Amino acid sequence: MFTTIQEVSTELPDGISLKAAHSVLAYPAFLAGYRTVHEAMEDNFISAYVRAFLATTAKSKVPLSISLEDDINSFMAYLANSDENLPLDQLCRDGASKFSSLVIPILLDRLQQGKDVSSLTFLLAAYGHYLQAGVDAEGQKYTVEEPQLSQHDWAVLTNGDVLSLLDVSAFASACLRSFPQVVAQYKSYRHQLACYGLIFSLKQTLCAFWEEEANIHR
């Protein structure tokens with residue numbers, strides 16, 4: 001029997017909520033063809049991406065404190081637990097409201113600080129691909145449930161502009177088109193997702209994270 005989101009009360013420190021962390025996992029994993037959290041966490045690239053996101057977006061200074069590393073390790077173990085059978089399609093629902101309240105503020109904060117945002121722009125690209133592709137890497141069709149997207153938003157998304165996600169009502173106030181770094185990375189990831197698939201794109205964002213970590217510790 002599946003666990004429901006409402007039954008989960010785990011909270012990560014420093015402003016990273018469980019819903020935000022679940023969103024990070026949901027779209028890449030779902031697009032890769034996985035259907036439950038536990039199944040997805042058995043993929044080394046997926047789990048590495050979730051860890052990288054938590055590490056780069058934590059509201060503490062880097063390098064991470066021991067306590068925060070322990071918190072992340074505990075959360076990763078929680079996700080990988082055999083009882084964690086949350087269906088990914090449930091976590092993918094209503095992404096617009098989750099992104100606008102949980103992910104976009106973190107993205108804007110990191111942009112203001114001049115920090116790398118590749119893990120976040122990859123997530124945005126995965127979400128944009130999820131909204132428009134209609135089929136995962138295994139060729140399985142799926143239905144998108146987005147109650148916060150209006151008919152106008154869907155018209156924007158289907159206008160042929162790869163950056164159209166940045167213009168939907170939920171994200172418009174963030175003015176993401178005004179950040180060249182976001183625009184360039186988002187375009188690149190969307191191209192990679194469309195042409196080379198999820199795992200290729202995931203490896204690229206992991207490389208960006210590891211490069212940033214190496215620079216921090218030099």
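A crossing of two helices is left-handed if the near helix is turned anticlockwise from the far one by less than a right angle, and right-handed if clockwise. In this structure, helix H6 passes helix H7 in a left-handed crossing. The model is predicted: local features need pLDDT of at least 70, side-chain atom pairs count only at pLDDT 80 or more, and totals for chains, interfaces and linings use all residues. Residues are numbered from 1 along each chain as its sequence is written, and side-chain values use heavy atoms, without hydrogens and water.

**The whole chain**
- The protein chain has ten helices and zero strands. Helices (H or I, at least four residues) and strands (E, at least two) are DSSP runs, numbered from the N terminus.
- Of its 218 residues, 49% count as buried, meaning under 20% relative accessible area with a 1.4 Å probe, protein chains only.
- The chain exposes about 10300 Å², and carbon and sulfur atoms supply 52% of that. The areas come from the Shrake-Rupley method with a 1.4 Å probe.
- Among contacts (heavy atoms within 4.5 Å) between residues at least 6 apart in sequence, 70% join residues at least 24 apart.

**H6 against H7**
- H6 spans residues 95-112 and H7 spans residues 118-133; they pack at about 155°, with axes 10 Å apart. Axes are lines fitted to C-alpha atoms, for helices over the stretch in contact, and angles run from 0 to 180 degrees between N-to-C directions.
- H6 and H7 are therefore roughly antiparallel, the word for angles over 145 degrees.
- In H6, residues including Phe 99, Val 103 and Leu 107 meet Leu 120, Leu 123, Leu 124 and Tyr 127 in H7.
- By class, this contact of H6 with H7 has ten nonpolar, one polar and one charged residues. Ala, Val, Leu, Ile, Met, Phe, Trp, Tyr, Cys and Pro count as nonpolar, Asp, Glu, Lys and Arg as charged, and the others, Gly among them, as polar.

**H7 against H9**
- H7 also packs with H9 (residues 180-196), at about 50° and with axes 8 Å apart.

**A look at Met 76**
- Met 76 lies in helix H4 (residues 66-80).
- Met 76 is buried, with a relative accessible area of 8%.
- Leaving out residues up to four places away in sequence, Met 76 touches Met 41, Ser 47, Val 50, Arg 51 and Leu 54.

How values were computed
Parallel < 35°, antiparallel > 145°, perpendicular 65-115°, else oblique. Buried < 20%, exposed > 50% of the residue type's maximum accessible area, 1.4 Å probe, protein only.
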